[in-house]
Amino acid sequence: MTTTDTDLRIEFATETDLETLADDWIALAREQEELGSHIVPDANREAIRDVLAAHQFNDGLLVARIPADETAGFASFSIERGMFTLDSTRGVLSNLYVKPPYRDRGIGTALLEEVEHTLTERGATVVILEAMAANEAARRFYRRHGYDTYRVAMERSLEGEESDSQAETGSGKNDTHSKEDR
């Protein structure tokens with residue numbers, strides 16, 4: 001496996017890593033809350049443990065270890081299996097997390113390189129991932145590693161606001177006629 005120095009090991013996670021990595025995912029989800037994520041960290045602990053277990057079972061979960069076998073971060077990934085025929089085989093990086101005390105030491109790069117290497121060996125020709133729009137540090141990290149924006153997700157809150165048709169007609173009914181029909 002690829003490493004940035006002799007003190008760091010990037011290896012496939014084992015079943016015994018799952019509880020620790022679930023805790024790490026909770027920490028990641030808490031950071032993402034501040035950036036606009038709607039995921040409720042603690043309420044999803046069991047669900048993410050199951051997701052991480054599936055990744056671990058399918059050799060799609062890497063852990064970054066430093067001396068004394070302490071985990072410094074993790075990455076989860078897979079080959080996309082969809083219902084559409086695509087012109088490429090897409091690898092999906094679903095999570096890459098480095099604990100705050102270990103950031104800016106090359107651990108994220110080592111994890112990303114190993115994910116890319118493993119996905120290439122499995123036939124992937126591209127890697128896709130998501131980053132929160134407000135997470136400029138993550139977006140900068142991925143751009144430095146050659147990732148470009150190819151799709152943009154957009155969001156609008158509907159809480160406490162009338163829809164455009166309600167505001168225009170003053171009612172809650174859907175007006176399907178154009179203004180010229182009135």
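## Strand pairing and crossover

Two strands are said to pair if DSSP finds at least two bridges between them, where strands (E, at least two residues) and helices (H or I, at least four) are DSSP runs numbered from the N terminus. In this predicted model, β4 and β5 (residues 126-129) pair in the parallel sense over four bridges, and V92 stands opposite I128 in β5.

Together with α3, the strands β4 and β5 make a right-handed β-α-β unit; right-handed here means that, with the strands pointing away from the viewer, the path from the first strand over the helix to the second runs clockwise.

## Loop residues with positive phi

D59, in the loop between α2 (45-57) and β2 (61-66), has a positive phi of about 55° although it is not a glycine. D104 likewise is not a glycine and has a positive phi, of about 65°, and it lies in the loop between β4 (90-98) and α3 (107-121).

Relative accessible area is classed as buried under 20%, exposed over 50% and partly exposed in between, using a 1.4 Å probe and protein chains only. D59 has 39% relative accessibility and therefore counts as partly exposed, whereas D104, at 84%, counts as exposed.

L86 is found in the loop between β3 (70-79) and β4, and because its relative accessibility is 42%, L86 counts as partly exposed.

## Basis of the values

Residues are numbered from 1 along each chain as its sequence is written, and side-chain values use heavy atoms, with hydrogens and water left out. As the model is predicted, local features need pLDDT of at least 70 and side-chain atom pairs count only at pLDDT 80 or more, while totals for chains, interfaces and linings use all residues.
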